[in-house]
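Welcome! Please take a moment to look over the sequence and the structure, and then read the briefing below alongside them.

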Amino acid sequence: MHELHLNLWRLSVNPETRIQNSILLHLQDKFPGIILWKNLLGFDQRTKCYYGIGNPGGADLIGMHLGRFVALEIKAPGAYTKKDHLAEQTQFLKVIRDGGGISGFASSPEEAEAVIMAAVK
C-alpha cells in the first residue's frame, strides 16, 4: 500500500471516513482506470451557501468509470441517518442511475465493488 494511503488510513478516526478510504483503495485496485473523489459537502454559515456536488443529498464518493458517472453513498454499519437526509441521498442516487450512471449505497469495499459490478455487466 502506498505511504500516502497508509497515512490517510491512520489519520481517519471517523468510521465512515475509514470505510471511504478502504473503498477508494479497493476499487482502484479492482477497476484500473476508475476515478473517484471524496465529495466534500456542507453549508457555509458565513455565506449561507451549500457547497459540494448535489448538495443536499450528494454522494460521498463521485467519479467516472468506463465513461459513466459514479456516485457512492457510504454508510458506516449501524450509523443513523436522518429520514429526510436519507431521502435526499436516495433521490440523488436515483437521478444518477436514471441518467445512465452507476450509483448505490455501500458499507464495505465488497458492497461498493458489487455496485460497480452490477452496473457494468
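Helix α2 supplies three residues to the lining of the largest pocket, and that is the largest share. The model you are looking at is predicted, so please read each value below as computed from that model. The pocket itself has a volume of about 400 Å³, and 20 residues line it.

**The largest pocket**

- Which residues of the lining are closest to the centre of the largest pocket? They are E16, D60, E73, H85 and Q89.
- At least two lining residues come from each of three elements: α2 (15-30), β5 (68-74) and α3 (83-98).
- How does the lining divide into nonpolar, polar and charged residues? There are four nonpolar, 11 polar and five charged residues.

- To find K75, go to the loop between β5 and α3.
- Is K75 buried or exposed? Its relative accessible area is 14%, and because buried means under 20%, K75 counts as buried.
- The side chain of K75 has a polar contact of 2.8 Å with the side chain of Q89, and Q89 is one of the residues closest to the centre of the largest pocket.
- K75 also forms a salt bridge with E73, with 3.5 Å between the closest N and O atoms.
- Leaving aside residues up to four places away in sequence, K75 touches E16, I19, T81, L86, Q89, F105, A106 and S107.

**Salt bridges**

- Side chains of opposite charge can pair when their charged atoms come close.
- How many salt bridges does a search of the whole structure find? It finds three.
- One of them joins E113 and K30, whose closest N and O atoms are 3.7 Å apart.
- E113 sits in helix α4 (residues 109-120) and K30 in helix α2, so this pair ties together parts that are 83 residues apart in sequence.
- The two partners can be described separately: E113 counts as buried at 18% relative accessibility, whereas K30 is partly exposed, with a relative accessible area of 45%.
- Another salt bridge links K94 and D98, and here the closest N and O atoms are 2.6 Å apart.
- K94 and D98 are separated by about one helical turn, because they are four residues apart in helix α3.
- K94 is partly exposed, with a relative accessible area of 38%, while D98 is exposed, with a relative accessible area of 57%.

- K38 belongs to strand β1 (residues 35-38).
- With a relative accessible area of 32%, K38 is partly exposed.
- Which side chain makes a polar contact with the side chain of K38? It is the side chain of N21, at 2.7 Å.
- Not counting residues up to four places away in sequence, K38 touches T17, Q20, N21, L24, D60 and L61.
- One of these contacts, D60, is also among the residues closest to the centre of the largest pocket.
- The C-alpha atoms of K38 and L24 are 9.0 Å from each other, and the two residues are 14 residues apart along the chain.

- P32 is located in the loop between α2 and β1.
- Is P32 buried or exposed? P32 has a relative accessible area of 69%, and because exposed means over 50%, P32 counts as exposed.
- Between the C-alpha atoms of P32 and H65 there is a separation of 9.1 Å, although these residues are 33 residues apart along the chain.

**The whole protein**

- How many helices and strands does the protein have? Its secondary structure comes to four helices and six strands.
- If you read along the sequence, you can follow the pattern α-α-β-β-β-β-β-α-β-α.
- The protein has 121 residues, of which 37% count as buried.
- Taking contacts between residues at least 6 apart in sequence, 50% join residues at least 24 apart.

Conventions. Residues numbered from 1 in each chain as written. Predicted model: local features only at pLDDT ≥ 70, side-chain atom pairs only at ≥ 80, totals over all residues. Heavy atoms only, no water. 1 Å grid on protein atoms, 1.4 Å probe; cavity = no way out; pocket = protein on both sides within 12 Å on 5 of 7 lines; lining within 4 Å. Points joined across faces, edges and corners; volume = space filled by probe spheres on them. Nonpolar A, V, L, I, M, F, W, Y, C, P; charged D, E, K, R; others polar. Buried < 20%, exposed > 50% of the residue type's maximum accessible area, 1.4 Å probe, protein only. Polar contact = N/O pair within 3.5 Å; in protein donor to acceptor, adjacent residues only side chain to side chain. Contact = heavy atoms within 4.5 Å. Salt bridge = Lys/Arg side-chain N within 4 Å of Asp/Glu carboxyl O.
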